[in-house]
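Let's take a friendly tour of a protein model. Keep the picture beside you as you read.

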Amino acid sequence: MSSFCDRRSLGQAVAIVLFGCVVGLGVNHHVLTVAPPTPVAPPTVTAPAVPYPLPVTLPEVRELLAAGALAVDARPRALFNLGHLPMSRSIPFEEFVTLPQRLAGLLPADRPLLIYCSGFGCRDSFDLAQLLIAAGYRDVRVFEDGFPAWRDAGLPVATGETR
Amino acid sequence: MTGLRWLNLSARLLLGGVFLWAGVVKALDPLSFARSVAGYQLLPQLGNLLVAAALPWVEIVVGTLLVAGRLVRPAALVAAWLNLLFMAAIVSVLARGLNVDCGCFGHDRATPPELALLRDLLLLAAALWLLYRPSPSSTA
């Protein structure tokens, strides 16, 4: 364990970390001062067809589902089977990204589609939404807080392979 | 002796090269990296941004020192600790069954966490070799 206790190396190691942090924070201070991009102008239930996936929040998701929207789960099938929004369809982004032509006609064209995955750090919902729009779906929205927010709000969760 | 020197050189270039590459890729797009960090669900939002701002540059400094052969022992020490940290983060992700983008080399959905863990283990071995190799006096 000599090197982990070697005071000189330890001191230099701390200096390396500090130097890197100072440079990084100096270069990126703008990243810290700008707020993360948050959706503005919440869409109404009767929003017209949009060419861009609109972000929706949990209360809007509940409202839209009650009004006949279809929830679409973009996560891998294994995660879908462990738990998903009731009545949602499993369209794993990783499977369809190579076969986007299969998306056409797969989902009802007359219902708003609410795409979700595992929350803020996960892009599959947004990427799938763009594939769906490219495939001709007109009302595609992204539930950015995703499955964790739904589950943590204590809302019902379905399990198993219900497609 | 030449064999040992080759081993030292390869460990240095492998570890340094990977850190330098990983650092540069992430430093070019800090916001994207912040999203990846957020995916691990370990830190508050400001923490994610701080890590995204600072970590790539620490990696760049460590990688540059290792490739240049300067301050090799302290740089390898930082690399070893960082790799332990990365591995702990990946293990926690696996334990919680999260579906994350590794973020190790920028936005990279292709790398499964198990592979990232193996990669970190290899890098950790290289760092430990640099720390505990024979004849520590020849660091330059």
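The sections below cover confidence, the interface, the sheet and the salt bridges.

## How the model is set up

This is a predicted model, in which local features need pLDDT of at least 70, side-chain atom pairs count only at pLDDT 80 or more, and totals for chains, interfaces and linings use all residues. Residues are numbered from 1 along each chain as its sequence is written, chains are lettered from A and ligands numbered from 1 in the order in which they are written, and side-chain values use heavy atoms, with hydrogens and water left out.

## How confident is the predictor?

The pLDDT is the predictor's confidence in each residue, from 0 to 100. Chain B averages 87, and 91% of its residues score at least 70. Chain A averages 83, with 84% of its residues scoring at least 70. Over residues 37-50 of chain A the pLDDT is below 50, yet in the model this stretch has 18 contacts beyond near neighbours in sequence (contact means heavy atoms within 4.5 Å). For the model, the scores are ipTM 0.87 and pTM 0.58.

## Where the chains touch

At the interface, 32 residues of chain B are in contact with 34 residues of chain A. The size of an interface is often given as the accessible area lost when the parts come together. Here the buried area (accessible area, found with a 1.4 Å probe, that two parts lose on being put together, summed over both) is about 3000 Å², and carbon and sulfur atoms give 68% of that.

Which elements of chain B give two or more residues to the side that touches chain A? They are helix 2 (30-39), helix 3 (45-68), helix 4 (72-96) and helix 5 (113-132); helices here are DSSP runs of H or I with at least four residues, strands are E runs of at least two, and both are numbered from the N terminus. Helix 3 of chain B provides the largest share, 11 residues. By class, this side of chain B has 22 nonpolar, 7 polar and 3 charged residues (Ala, Val, Leu, Ile, Met, Phe, Trp, Tyr, Cys and Pro count as nonpolar, Asp, Glu, Lys and Arg as charged, and the others, Gly among them, as polar).

## A sheet in chain A

Chain A has an open sheet of 5 strands in the order 1-5-4-2-3, with parallel pairing (two strands pair if DSSP finds at least two bridges between them). Strand 1 (54-56) and strand 3 (89-90) of chain A stand at the edges with a single partner strand each, so one side of each has no neighbour in the sheet.

Strand 2 (residues 70-73) and strand 4 (residues 113-116) of chain A run parallel and are joined by 4 bridges. Val72(A) stands opposite Ile115(A) in strand 4 of chain A.

## Salt bridges

Over all chains, the structure holds 5 salt bridges (a side-chain nitrogen of Lys or Arg within 4 Å of a carboxyl oxygen of Asp or Glu), while the count between chain B and chain A is 0. Arg77(A) and Glu95(A) meet through their side chains in a salt bridge (3.0 Å, N to O). Arg77(A) lies in helix 5 (residues 77-82) of chain A and Glu95(A) in helix 6 (residues 93-96) of chain A, so the pair ties together parts 18 residues apart in sequence.
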